[in-house]
Protein chains: 2
Amino acid sequence: MKKSKIMVVDDEQRMRKIINDFLTKNGYTVIEACDGEEALDIFYEDSDIDLILLDIMMPKLDGWGVLKEIRKESKVPIIMLTARSDESDELLGFDLGVDEYITKPFSPKILVARVEAVLRRTQGVGSKDILETAGIVMNKLTHVVTVDGENVEFSYKEFELLAYFLENEGIALPRANILNNVWNYDYYGEDRTIDTHVKKIRSKLGDKGKYIKTIWGIGYKFETVD
Amino acid sequence: MKKSKIMVVDDEQRMRKIINDFLTKNGYTVIEACDGEEALDIFYEDSDIDLILLDIMMPKLDGWGVLKEIRKESKVPIIMLTARSDESDELLGFDLGVDEYITKPFSPKILVARVEAVLRRTQGVGSKDILETAGIVMNKLTHVVTVDGENVEFSYKEFELLAYFLENEGIALPRANILNNVWNYDYYGEDRTIDTHVKKIRSKLGDKGKYIKTIWGIGYKFETVD
DNA sequence: GGCAAATATGACAAAAATGTGAAAAAATCA
DNA sequence: TGATTTTTTCACATTTTTGTCATATTTGCC
(Lines give C-alpha, C1' and ligand atoms only; values in the text may rest on other atoms or scores of the structure.)
Protein backbone atom coordinates (compact mmCIF):
# COMPACT_ATOMS: atom_id res chain seq x y z
CA MET A 1 0.00 0.00 0.00
CA LYS A 2 1.07 3.53 -0.77
CA LYS A 3 2.79 5.45 2.00
CA SER A 4 0.49 8.03 3.49
CA LYS A 5 1.63 11.62 3.41
CA ILE A 6 1.18 13.54 6.64
CA MET A 7 1.60 17.26 7.22
CA VAL A 8 2.73 18.31 10.68
CA VAL A 9 1.88 21.88 11.60
CA ASP A 10 3.50 23.19 14.76
CA ASP A 11 5.52 26.28 15.58
CA GLU A 12 7.94 24.47 17.85
CA GLN A 13 10.80 23.10 15.86
CA ARG A 14 11.48 20.49 18.51
CA MET A 15 7.94 19.18 18.49
CA ARG A 16 7.96 18.92 14.72
CA LYS A 17 11.14 16.93 14.80
CA ILE A 18 9.84 14.48 17.40
CA ILE A 19 6.67 13.85 15.47
CA ASN A 20 8.46 13.67 12.15
CA ASP A 21 10.89 11.08 13.48
CA PHE A 22 8.22 8.80 14.84
CA LEU A 23 6.03 8.98 11.81
CA THR A 24 8.91 8.48 9.42
CA LYS A 25 10.04 5.49 11.45
CA ASN A 26 6.57 4.08 10.99
CA GLY A 27 6.66 4.38 7.25
CA TYR A 28 4.89 7.67 6.67
CA THR A 29 6.03 10.53 4.50
CA VAL A 30 6.12 13.71 6.54
CA ILE A 31 5.88 17.34 5.51
CA GLU A 32 6.44 20.12 8.03
CA ALA A 33 4.83 23.53 8.30
CA CYS A 34 5.81 25.94 11.04
CA ASP A 35 2.70 28.09 11.16
CA GLY A 36 -0.86 28.23 9.92
CA GLU A 37 -0.20 30.30 6.85
CA GLU A 38 2.56 28.03 5.66
CA ALA A 39 0.28 25.07 6.29
CA LEU A 40 -2.38 26.48 4.00
CA ASP A 41 0.16 27.33 1.33
CA ILE A 42 1.55 23.81 1.37
CA PHE A 43 -1.88 22.27 1.44
CA TYR A 44 -3.09 24.18 -1.58
CA GLU A 45 0.11 23.36 -3.44
CA ASP A 46 0.19 19.68 -2.68
CA SER A 47 -3.17 18.11 -3.05
CA ASP A 48 -2.27 14.58 -2.05
CA ILE A 49 -1.82 15.07 1.66
CA ASP A 50 -3.58 12.24 3.48
CA LEU A 51 -3.71 13.62 7.00
CA ILE A 52 -2.88 16.77 8.92
CA LEU A 53 -1.54 17.01 12.47
CA LEU A 54 -2.43 20.48 13.58
CA ASP A 55 -1.27 22.32 16.67
CA ILE A 56 -3.80 24.80 18.03
CA MET A 57 -1.53 27.42 19.55
CA MET A 58 0.43 29.05 16.78
CA PRO A 59 1.42 32.58 15.79
CA LYS A 60 -0.12 34.33 12.76
CA LEU A 61 -2.91 31.88 12.04
CA ASP A 62 -3.80 29.39 14.76
CA GLY A 63 -5.03 25.84 14.41
CA TRP A 64 -8.69 26.77 14.43
CA GLY A 65 -8.17 29.22 11.60
CA VAL A 66 -6.37 26.63 9.51
CA LEU A 67 -9.06 24.09 10.27
CA LYS A 68 -11.88 26.38 9.16
CA GLU A 69 -10.07 27.39 6.02
CA ILE A 70 -9.29 23.84 4.98
CA ARG A 71 -12.76 22.59 5.81
CA LYS A 72 -14.19 25.03 3.30
CA GLU A 73 -12.97 22.83 0.55
CA SER A 74 -11.59 19.60 1.82
CA LYS A 75 -12.46 16.75 4.10
CA VAL A 76 -8.86 15.67 4.60
CA PRO A 77 -8.59 14.05 8.03
CA ILE A 78 -7.26 16.41 10.70
CA ILE A 79 -5.92 15.58 14.13
CA MET A 80 -5.58 18.50 16.55
CA LEU A 81 -2.71 18.75 18.98
CA THR A 82 -3.80 20.46 22.15
CA ALA A 83 -1.72 21.47 25.12
CA ARG A 84 -4.28 20.72 27.78
CA SER A 85 -7.39 18.65 27.59
CA ASP A 86 -10.02 21.32 27.42
CA GLU A 87 -13.43 19.85 26.83
CA SER A 88 -14.98 22.97 25.40
CA ASP A 89 -12.23 23.13 22.82
CA GLU A 90 -12.88 19.57 21.85
CA LEU A 91 -16.59 20.06 21.44
CA LEU A 92 -16.02 23.08 19.25
CA GLY A 93 -13.55 21.17 17.17
CA PHE A 94 -15.70 18.16 16.42
CA ASP A 95 -18.36 20.48 15.09
CA LEU A 96 -15.85 22.04 12.77
CA GLY A 97 -14.77 18.69 11.49
CA VAL A 98 -11.88 17.59 13.65
CA ASP A 99 -11.33 13.87 13.37
CA GLU A 100 -9.32 13.29 16.51
CA TYR A 101 -7.47 14.97 19.37
CA ILE A 102 -4.10 14.28 20.86
CA THR A 103 -3.24 15.99 24.14
CA LYS A 104 0.34 17.05 24.75
CA PRO A 105 2.44 15.53 26.06
CA PHE A 106 1.73 12.29 24.26
CA SER A 107 3.61 9.07 23.80
CA PRO A 108 4.81 8.06 20.37
CA LYS A 109 2.61 4.99 20.60
CA ILE A 110 -0.48 7.13 21.09
CA LEU A 111 0.50 9.30 18.18
CA VAL A 112 0.98 6.45 15.76
CA ALA A 113 -2.09 4.63 17.04
CA ARG A 114 -4.34 7.66 16.53
CA VAL A 115 -2.92 8.39 13.12
CA GLU A 116 -3.45 4.83 12.03
CA ALA A 117 -6.94 4.75 13.44
CA VAL A 118 -7.96 7.91 11.64
CA LEU A 119 -6.43 6.78 8.37
CA ARG A 120 -8.11 3.42 8.66
CA ARG A 121 -11.40 5.09 9.35
CA THR A 122 -11.13 7.52 6.45
CA GLN A 123 -9.45 5.50 3.75
CA GLY A 124 -10.39 1.98 4.79
CA VAL A 125 -11.67 -0.29 2.06
CA GLY A 126 -15.32 0.49 2.43
CA SER A 127 -15.10 4.23 2.42
CA LYS A 128 -12.88 4.35 -0.61
CA ASP A 129 -14.89 2.44 -3.13
CA ILE A 130 -18.41 2.91 -1.90
CA LEU A 131 -20.00 6.28 -1.33
CA GLU A 132 -23.32 6.28 0.43
CA THR A 133 -25.64 9.03 1.51
CA ALA A 134 -29.35 9.40 1.88
CA GLY A 135 -30.24 6.35 -0.15
CA ILE A 136 -27.74 7.12 -2.90
CA VAL A 137 -25.12 4.42 -3.19
CA MET A 138 -22.21 4.78 -5.57
CA ASN A 139 -19.95 1.82 -6.08
CA LYS A 140 -16.82 2.97 -7.82
CA LEU A 141 -15.59 -0.56 -8.26
CA THR A 142 -18.58 -1.83 -10.15
CA HIS A 143 -19.46 1.61 -11.47
CA VAL A 144 -23.02 1.14 -10.37
CA VAL A 145 -25.28 3.71 -8.75
CA THR A 146 -28.50 2.92 -6.94
CA VAL A 147 -31.02 5.40 -5.64
CA ASP A 148 -33.29 3.87 -3.01
CA GLY A 149 -32.25 0.49 -4.31
CA GLU A 150 -33.13 1.31 -7.91
CA ASN A 151 -30.39 1.13 -10.46
CA VAL A 152 -29.70 4.43 -12.20
CA GLU A 153 -27.39 4.83 -15.19
CA PHE A 154 -24.85 7.61 -15.18
CA SER A 155 -22.47 8.55 -17.94
CA TYR A 156 -18.77 8.80 -17.22
CA LYS A 157 -18.73 12.53 -16.51
CA GLU A 158 -21.94 12.40 -14.55
CA PHE A 159 -20.54 9.59 -12.44
CA GLU A 160 -17.33 11.46 -11.74
CA LEU A 161 -19.16 14.63 -10.89
CA LEU A 162 -21.61 12.96 -8.57
CA ALA A 163 -18.74 11.14 -6.87
CA TYR A 164 -17.00 14.45 -6.36
CA PHE A 165 -20.13 15.86 -4.77
CA LEU A 166 -20.53 12.93 -2.43
CA GLU A 167 -16.88 12.93 -1.49
CA ASN A 168 -17.28 16.54 -0.48
CA GLU A 169 -20.66 16.35 1.12
CA GLY A 170 -21.58 19.53 2.94
CA ILE A 171 -18.83 21.56 1.32
CA ALA A 172 -19.59 24.45 -1.02
CA LEU A 173 -17.75 23.77 -4.24
CA PRO A 174 -16.89 26.72 -6.48
CA ARG A 175 -17.20 26.05 -10.19
CA ALA A 176 -13.47 26.52 -10.59
CA ASN A 177 -12.77 23.75 -8.09
CA ILE A 178 -15.20 21.44 -9.76
CA LEU A 179 -13.56 22.00 -13.11
CA ASN A 180 -10.15 21.37 -11.62
CA ASN A 181 -11.14 18.18 -9.94
CA VAL A 182 -13.56 16.54 -12.29
CA TRP A 183 -12.31 17.78 -15.62
CA ASN A 184 -8.79 17.44 -16.91
CA TYR A 185 -6.50 20.31 -16.14
CA ASP A 186 -6.28 21.03 -19.83
CA TYR A 187 -9.97 21.71 -20.16
CA TYR A 188 -10.61 25.29 -21.11
CA GLY A 189 -14.30 25.22 -21.83
CA GLU A 190 -17.15 27.04 -20.23
CA ASP A 191 -18.04 27.04 -16.56
CA ARG A 192 -21.60 26.57 -17.53
CA THR A 193 -20.99 23.06 -18.75
CA ILE A 194 -21.15 22.05 -15.13
CA ASP A 195 -24.67 23.38 -14.93
CA THR A 196 -25.77 21.12 -17.71
CA HIS A 197 -24.31 18.10 -16.01
CA VAL A 198 -25.83 19.08 -12.70
CA LYS A 199 -29.16 19.36 -14.44
CA LYS A 200 -28.88 15.82 -15.74
CA ILE A 201 -27.70 14.41 -12.44
CA ARG A 202 -30.51 16.13 -10.57
CA SER A 203 -33.10 14.72 -12.88
CA LYS A 204 -31.62 11.24 -12.64
CA LEU A 205 -31.60 11.44 -8.87
CA GLY A 206 -35.32 12.19 -8.86
CA ASP A 207 -36.51 13.35 -5.44
CA LYS A 208 -32.97 13.49 -4.21
CA GLY A 209 -31.90 15.85 -6.92
CA LYS A 210 -32.69 18.65 -4.54
CA TYR A 211 -29.74 17.67 -2.39
CA ILE A 212 -27.47 19.26 -4.94
CA LYS A 213 -27.88 22.81 -3.72
CA THR A 214 -27.08 25.83 -5.83
CA ILE A 215 -24.83 28.27 -4.05
CA TRP A 216 -25.58 31.50 -5.77
CA GLY A 217 -22.51 33.20 -7.19
CA ILE A 218 -20.25 30.31 -6.19
CA GLY A 219 -21.18 26.90 -7.40
CA TYR A 220 -22.85 23.88 -5.83
CA LYS A 221 -23.01 21.92 -2.63
CA PHE A 222 -24.27 18.45 -1.92
CA GLU A 223 -26.17 18.42 1.33
CA THR A 224 -28.88 16.06 2.53
CA VAL A 225 -31.00 18.62 4.31
CA ASP A 226 -34.24 20.06 3.04
CA MET B 1 -4.59 -19.74 5.12
CA LYS B 2 -1.36 -18.03 6.07
CA LYS B 3 0.04 -15.60 3.53
CA SER B 4 3.00 -17.12 1.77
CA LYS B 5 6.24 -15.21 1.99
CA ILE B 6 8.14 -14.84 -1.25
CA MET B 7 11.64 -13.51 -1.78
CA VAL B 8 12.30 -11.75 -5.06
CA VAL B 9 15.95 -11.64 -6.09
CA ASP B 10 16.77 -9.41 -9.02
CA ASP B 11 19.28 -6.66 -9.60
CA GLU B 12 16.88 -4.47 -11.54
CA GLN B 13 14.92 -2.28 -9.20
CA ARG B 14 12.13 -1.93 -11.74
CA MET B 15 11.70 -5.65 -12.15
CA ARG B 16 11.56 -6.15 -8.39
CA LYS B 17 8.90 -3.52 -8.10
CA ILE B 18 6.75 -5.02 -10.84
CA ILE B 19 6.92 -8.47 -9.32
CA ASN B 20 6.42 -7.16 -5.81
CA ASP B 21 3.33 -5.25 -6.85
CA PHE B 22 1.65 -8.18 -8.50
CA LEU B 23 2.43 -10.65 -5.78
CA THR B 24 1.35 -8.25 -3.07
CA LYS B 25 -1.86 -7.64 -4.96
CA ASN B 26 -2.42 -11.37 -4.93
CA GLY B 27 -2.02 -11.61 -1.20
CA TYR B 28 1.60 -12.63 -0.84
CA THR B 29 4.16 -11.11 1.45
CA VAL B 30 7.19 -10.06 -0.54
CA ILE B 31 10.79 -9.57 0.45
CA GLU B 32 13.27 -8.10 -1.99
CA ALA B 33 16.95 -8.79 -2.45
CA CYS B 34 18.99 -6.99 -5.06
CA ASP B 35 21.79 -9.50 -5.54
CA GLY B 36 22.81 -13.06 -4.77
CA GLU B 37 24.73 -12.31 -1.61
CA GLU B 38 21.92 -10.30 -0.12
CA ALA B 39 19.56 -13.12 -1.03
CA LEU B 40 21.60 -15.62 0.92
CA ASP B 41 21.91 -13.29 3.88
CA ILE B 42 18.19 -12.74 4.00
CA PHE B 43 17.46 -16.42 3.51
CA TYR B 44 19.69 -17.44 6.40
CA GLU B 45 18.23 -14.75 8.60
CA ASP B 46 14.62 -15.37 7.80
CA SER B 47 13.84 -19.04 7.82
CA ASP B 48 10.18 -18.92 6.92
CA ILE B 49 10.44 -17.96 3.28
CA ASP B 50 8.04 -20.08 1.28
CA LEU B 51 9.32 -19.50 -2.22
CA ILE B 52 12.13 -17.72 -4.04
CA LEU B 53 11.95 -15.96 -7.38
CA LEU B 54 15.51 -15.88 -8.60
CA ASP B 55 16.95 -13.96 -11.52
CA ILE B 56 19.90 -15.68 -13.18
CA MET B 57 21.89 -12.71 -14.42
CA MET B 58 23.12 -10.76 -11.42
CA PRO B 59 26.35 -9.12 -10.31
CA LYS B 60 28.48 -10.60 -7.49
CA LEU B 61 26.75 -13.95 -7.12
CA ASP B 62 24.46 -15.06 -9.91
CA GLY B 63 21.29 -17.08 -9.75
CA TRP B 64 23.03 -20.42 -10.21
CA GLY B 65 25.35 -19.67 -7.34
CA VAL B 66 22.49 -18.79 -5.06
CA LEU B 67 20.62 -21.88 -6.14
CA LYS B 68 23.52 -24.21 -5.37
CA GLU B 69 24.18 -22.59 -2.05
CA ILE B 70 20.58 -22.78 -0.93
CA ARG B 71 20.13 -26.33 -2.16
CA LYS B 72 22.92 -27.45 0.16
CA GLU B 73 20.55 -27.13 3.02
CA SER B 74 17.07 -26.28 1.89
CA LYS B 75 14.39 -27.53 -0.41
CA VAL B 76 12.54 -24.23 -0.52
CA PRO B 77 10.82 -23.97 -3.91
CA ILE B 78 12.73 -21.81 -6.36
CA ILE B 79 11.52 -20.29 -9.59
CA MET B 80 14.19 -18.99 -11.94
CA LEU B 81 13.70 -15.86 -13.99
CA THR B 82 15.50 -16.13 -17.28
CA ALA B 83 15.88 -13.52 -19.97
CA ARG B 84 15.64 -15.91 -22.87
CA SER B 85 14.35 -19.40 -23.03
CA ASP B 86 17.56 -21.40 -23.19
CA GLU B 87 16.98 -25.10 -23.04
CA SER B 88 20.39 -26.08 -21.84
CA ASP B 89 20.04 -23.66 -18.98
CA GLU B 90 16.74 -25.18 -18.09
CA LEU B 91 18.04 -28.72 -18.08
CA LEU B 92 20.94 -27.72 -15.90
CA GLY B 93 18.57 -25.99 -13.54
CA PHE B 94 16.16 -28.86 -13.10
CA ASP B 95 19.07 -31.08 -12.12
CA LEU B 96 20.10 -28.58 -9.49
CA GLY B 97 16.60 -28.45 -8.10
CA VAL B 98 14.83 -25.63 -9.88
CA ASP B 99 11.09 -25.99 -9.54
CA GLU B 100 9.99 -23.81 -12.37
CA TYR B 101 11.10 -21.29 -14.98
CA ILE B 102 9.64 -18.02 -16.05
CA THR B 103 10.97 -16.40 -19.18
CA LYS B 104 11.14 -12.63 -19.34
CA PRO B 105 9.14 -10.78 -20.35
CA PHE B 106 6.22 -12.48 -18.68
CA SER B 107 2.67 -11.45 -17.99
CA PRO B 108 1.56 -10.96 -14.40
CA LYS B 109 -0.88 -13.79 -14.89
CA ILE B 110 1.89 -16.19 -15.78
CA LEU B 111 3.86 -15.06 -12.78
CA VAL B 112 1.05 -15.58 -10.33
CA ALA B 113 -0.03 -18.81 -11.99
CA ARG B 114 3.45 -20.32 -11.77
CA VAL B 115 3.92 -19.19 -8.21
CA GLU B 116 0.59 -20.68 -7.25
CA ALA B 117 1.30 -23.87 -9.13
CA VAL B 118 4.64 -24.34 -7.44
CA LEU B 119 3.26 -23.56 -4.01
CA ARG B 120 0.41 -25.96 -4.58
CA ARG B 121 2.78 -28.64 -5.72
CA THR B 122 5.01 -28.14 -2.72
CA GLN B 123 2.49 -27.37 -0.01
CA GLY B 124 -0.66 -28.93 -1.41
CA VAL B 125 -4.20 -27.54 -1.56
CA GLY B 126 -5.44 -24.59 -3.57
CA SER B 127 -8.02 -24.36 -6.33
CA LYS B 128 -8.41 -21.30 -8.48
CA ASP B 129 -8.07 -23.37 -11.59
CA ILE B 130 -11.68 -23.65 -12.56
CA LEU B 131 -13.76 -20.57 -13.20
CA GLU B 132 -17.47 -21.01 -13.59
CA THR B 133 -20.26 -18.54 -14.17
CA ALA B 134 -23.56 -18.61 -15.95
CA GLY B 135 -22.86 -21.76 -17.89
CA ILE B 136 -19.35 -20.71 -18.84
CA VAL B 137 -16.72 -23.05 -17.46
CA MET B 138 -13.03 -22.33 -17.85
CA ASN B 139 -10.42 -24.84 -16.85
CA LYS B 140 -7.15 -23.01 -16.58
CA LEU B 141 -5.09 -26.15 -16.32
CA THR B 142 -6.41 -27.88 -19.41
CA HIS B 143 -7.18 -24.63 -21.18
CA VAL B 144 -10.63 -25.88 -22.08
CA VAL B 145 -13.74 -23.74 -22.13
CA THR B 146 -17.30 -24.95 -22.33
CA VAL B 147 -20.38 -22.83 -22.80
CA ASP B 148 -23.55 -24.62 -21.75
CA GLY B 149 -21.61 -27.85 -22.04
CA GLU B 150 -20.48 -27.14 -25.58
CA ASN B 151 -16.77 -26.95 -26.17
CA VAL B 152 -15.63 -23.58 -27.49
CA GLU B 153 -12.14 -22.85 -28.78
CA PHE B 154 -10.36 -19.77 -27.56
CA SER B 155 -6.96 -18.56 -28.60
CA TYR B 156 -4.37 -17.89 -25.93
CA LYS B 157 -5.06 -14.18 -25.59
CA GLU B 158 -8.78 -14.65 -25.74
CA PHE B 159 -8.55 -17.24 -23.00
CA GLU B 160 -6.46 -15.01 -20.78
CA LEU B 161 -8.75 -12.08 -21.31
CA LEU B 162 -11.90 -14.05 -20.62
CA ALA B 163 -10.30 -15.50 -17.51
CA TYR B 164 -9.48 -12.01 -16.33
CA PHE B 165 -13.07 -10.99 -16.84
CA LEU B 166 -14.40 -13.98 -14.91
CA GLU B 167 -11.93 -13.50 -12.10
CA ASN B 168 -13.19 -9.96 -11.76
CA GLU B 169 -16.85 -10.56 -12.28
CA GLY B 170 -18.93 -7.49 -11.54
CA ILE B 171 -15.96 -5.13 -11.44
CA ALA B 172 -15.58 -2.33 -13.95
CA LEU B 173 -12.20 -2.87 -15.59
CA PRO B 174 -10.49 0.14 -17.16
CA ARG B 175 -8.63 -0.58 -20.37
CA ALA B 176 -5.36 0.32 -18.72
CA ASN B 177 -5.90 -2.31 -16.04
CA ILE B 178 -6.75 -4.92 -18.60
CA LEU B 179 -3.57 -4.20 -20.51
CA ASN B 180 -1.51 -4.37 -17.36
CA ASN B 181 -2.93 -7.64 -16.25
CA VAL B 182 -3.48 -9.62 -19.40
CA TRP B 183 -0.68 -8.34 -21.61
CA ASN B 184 3.00 -8.35 -20.77
CA TYR B 185 4.20 -5.35 -18.89
CA ASP B 186 6.30 -4.31 -21.85
CA TYR B 187 3.37 -4.13 -24.23
CA TYR B 188 2.95 -0.64 -25.56
CA GLY B 189 0.36 -1.18 -28.23
CA GLU B 190 -3.06 0.27 -28.69
CA ASP B 191 -5.90 0.20 -26.23
CA ARG B 192 -8.17 -0.76 -29.02
CA THR B 193 -6.65 -4.18 -29.36
CA ILE B 194 -8.73 -5.07 -26.34
CA ASP B 195 -11.87 -4.13 -28.23
CA THR B 196 -11.03 -6.50 -31.02
CA HIS B 197 -10.51 -9.34 -28.61
CA VAL B 198 -13.70 -8.50 -26.79
CA LYS B 199 -15.52 -8.60 -30.09
CA LYS B 200 -14.22 -12.10 -30.78
CA ILE B 201 -14.93 -13.36 -27.29
CA ARG B 202 -18.42 -11.97 -27.39
CA SER B 203 -19.17 -13.70 -30.65
CA LYS B 204 -17.72 -16.98 -29.41
CA LEU B 205 -19.81 -16.78 -26.26
CA GLY B 206 -22.96 -16.48 -28.36
CA ASP B 207 -25.95 -15.49 -26.24
CA LYS B 208 -23.72 -14.94 -23.27
CA GLY B 209 -21.57 -12.45 -25.10
CA LYS B 210 -23.83 -9.76 -23.75
CA TYR B 211 -22.49 -10.39 -20.28
CA ILE B 212 -19.36 -8.52 -21.26
CA LYS B 213 -20.73 -5.05 -20.71
CA THR B 214 -19.20 -1.93 -22.17
CA ILE B 215 -18.58 0.77 -19.62
CA TRP B 216 -18.45 3.92 -21.66
CA GLY B 217 -15.34 5.98 -21.09
CA ILE B 218 -13.80 3.27 -18.90
CA GLY B 219 -13.58 -0.19 -20.33
CA TYR B 220 -15.51 -3.40 -19.77
CA LYS B 221 -17.22 -5.37 -17.06
CA PHE B 222 -18.31 -8.97 -16.93
CA GLU B 223 -21.69 -9.23 -15.30
CA THR B 224 -24.34 -11.90 -15.62
CA VAL B 225 -27.34 -9.63 -15.44
CA ASP B 226 -29.43 -8.52 -18.35
C1' DG C 1 -41.95 45.68 -7.83
C1' DG C 2 -38.30 46.05 -11.17
C1' DC C 3 -33.61 45.44 -12.79
C1' DA C 4 -29.39 43.05 -13.53
C1' DA C 5 -26.91 39.05 -12.95
C1' DA C 6 -26.82 34.18 -12.33
C1' DT C 7 -28.74 29.81 -13.01
C1' DA C 8 -32.05 26.21 -15.23
C1' DT C 9 -33.50 23.98 -19.23
C1' DG C 10 -34.16 21.91 -23.71
C1' DA C 11 -32.41 21.35 -28.21
C1' DC C 12 -28.66 20.56 -31.10
C1' DA C 13 -24.10 19.98 -32.94
C1' DA C 14 -19.48 18.69 -32.14
C1' DA C 15 -16.53 15.48 -30.16
C1' DA C 16 -15.25 11.26 -28.33
C1' DA C 17 -15.60 6.32 -27.70
C1' DT C 18 -16.86 1.98 -29.29
C1' DG C 19 -18.24 -1.73 -32.90
C1' DT C 20 -16.86 -3.99 -36.93
C1' DG C 21 -14.71 -6.04 -40.90
C1' DA C 22 -10.61 -6.52 -43.21
C1' DA C 23 -5.80 -6.23 -43.82
C1' DA C 24 -1.13 -6.14 -41.99
C1' DA C 25 2.15 -7.99 -38.83
C1' DA C 26 3.79 -11.41 -35.85
C1' DA C 27 4.10 -15.83 -34.08
C1' DT C 28 3.62 -20.72 -34.70
C1' DC C 29 3.74 -24.94 -37.05
C1' DA C 30 4.75 -28.38 -40.42
C1' DT D 1 10.82 -22.03 -45.94
C1' DG D 2 5.95 -21.61 -46.71
C1' DA D 3 1.48 -22.11 -44.73
C1' DT D 4 -1.48 -21.31 -40.95
C1' DT D 5 -3.03 -19.25 -36.97
C1' DT D 6 -3.03 -15.56 -33.84
C1' DT D 7 -2.55 -10.90 -32.70
C1' DT D 8 -2.53 -6.16 -33.77
C1' DT D 9 -3.62 -2.23 -36.46
C1' DC D 10 -6.45 0.45 -39.33
C1' DA D 11 -10.40 2.71 -41.50
C1' DC D 12 -15.00 3.59 -41.36
C1' DA D 13 -19.71 3.13 -39.39
C1' DT D 14 -22.26 3.73 -35.38
C1' DT D 15 -23.34 5.09 -30.94
C1' DT D 16 -23.01 7.79 -26.85
C1' DT D 17 -21.43 11.52 -24.53
C1' DT D 18 -20.29 16.11 -23.89
C1' DG D 19 -20.29 21.04 -24.64
C1' DT D 20 -22.62 25.14 -26.43
C1' DC D 21 -26.23 28.06 -27.32
C1' DA D 22 -30.58 30.45 -27.02
C1' DT D 23 -34.29 31.09 -24.11
C1' DA D 24 -36.71 30.82 -19.77
C1' DT D 25 -36.53 31.24 -14.96
C1' DT D 26 -34.81 32.45 -10.58
C1' DT D 27 -32.22 35.21 -7.30
C1' DG D 28 -30.25 39.19 -4.99
C1' DC D 29 -30.62 43.78 -4.45
C1' DC D 30 -32.17 48.65 -4.96
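## Exercise 1. A loop residue in each chain

Solution. The classes are: buried at 20 or more other C-beta atoms within 10 Å of the residue's own, exposed at 12 or fewer, partly exposed in between, with C-beta atoms placed from the backbone. The model is predicted: local features need pLDDT of at least 70, side-chain atom pairs count only at pLDDT 80 or more, and totals for chains, interfaces and linings use all residues. Residues are numbered from 1 along each chain as its sequence is written, and chains are lettered from A and ligands numbered from 1 in the order in which they are written.

Next, locate the residue. A:A134 sits in the loop between β6 (130–133) and β7 of chain A; helices (H or I, at least four residues) and strands (E, at least two) are DSSP runs, numbered from the N terminus. Its phi is near 45°, a positive value in a residue other than glycine. Most residues other than glycine have a negative phi.

Then turn to chain B. B:A134 lies in the loop between β6 (130–133) and β7 (136–139) of chain B. Phi of B:A134 is near 45°, again positive in a residue that is not glycine. With 17 other C-beta atoms within 10 Å, B:A134 is partly exposed.

## Exercise 2. Helix α7 of chain A and its partner

Task: Check the span of α7(A) against 1.5 Å a residue, then describe how its axis crosses that of α9(A).

Solution. Step one is the span. The expected span is 1.5 Å times one less than the number of residues.

Step two is the buried side. A:F159, A:L161, A:L162 and A:F165 of α7(A) are buried. The buried residues of this helix pack against β7 (136–139), α8 (175–182), α9, β11 (212–215) and β12 (219–222) of chain A.

Step three is the crossing. The axes of α7(A) and α9(A) come within 10 Å and cross at roughly 85°. Axes are lines fitted to C-alpha atoms, for helices over the stretch in contact, and angles run from 0 to 180 degrees between N-to-C directions. The two helices are therefore roughly perpendicular; under 35 degrees counts as roughly parallel, over 145 as roughly antiparallel, 65 to 115 as roughly perpendicular and the rest as oblique.

Step four is the contact. A:K157, A:E158, A:L161 and A:L162 in α7(A) meet A:H197, A:K200 and A:I201 in α9(A), where contact means C-beta atoms, placed from the backbone, within 7 Å. By class these residues are 3 nonpolar, 1 polar and 3 charged. Ala, Val, Leu, Ile, Met, Phe, Trp, Tyr, Cys and Pro count as nonpolar, Asp, Glu, Lys and Arg as charged, and the others, Gly among them, as polar.

## Exercise 3. The surfaces near the DNA

Task: State how many residues surround DNA strand D and how many lie around DNA strand C, and name the helices involved.

Solution. α7 (156–167) and α9 (193–205) of chain A and α6 (156–167) and α8 (192–205) of chain B each supply at least two residues. This surface has 8 nonpolar, 9 polar and 8 charged residues.

Around it are 17 residues, of which A:D195, A:K199, A:T214, B:D195 and B:T214 come nearest. α9 of chain A and α8 of chain B each supply at least two residues of this surface, and α9(A) gives the most, with 5 residues. The division is 5 nonpolar, 7 polar and 5 charged.

How values were computed. A residue is near a molecule or strand if its C-beta atom, placed from the backbone, lies within 6 Å of it. Two residues are in contact if their C-beta atoms, placed from the backbone, lie within 7 Å.
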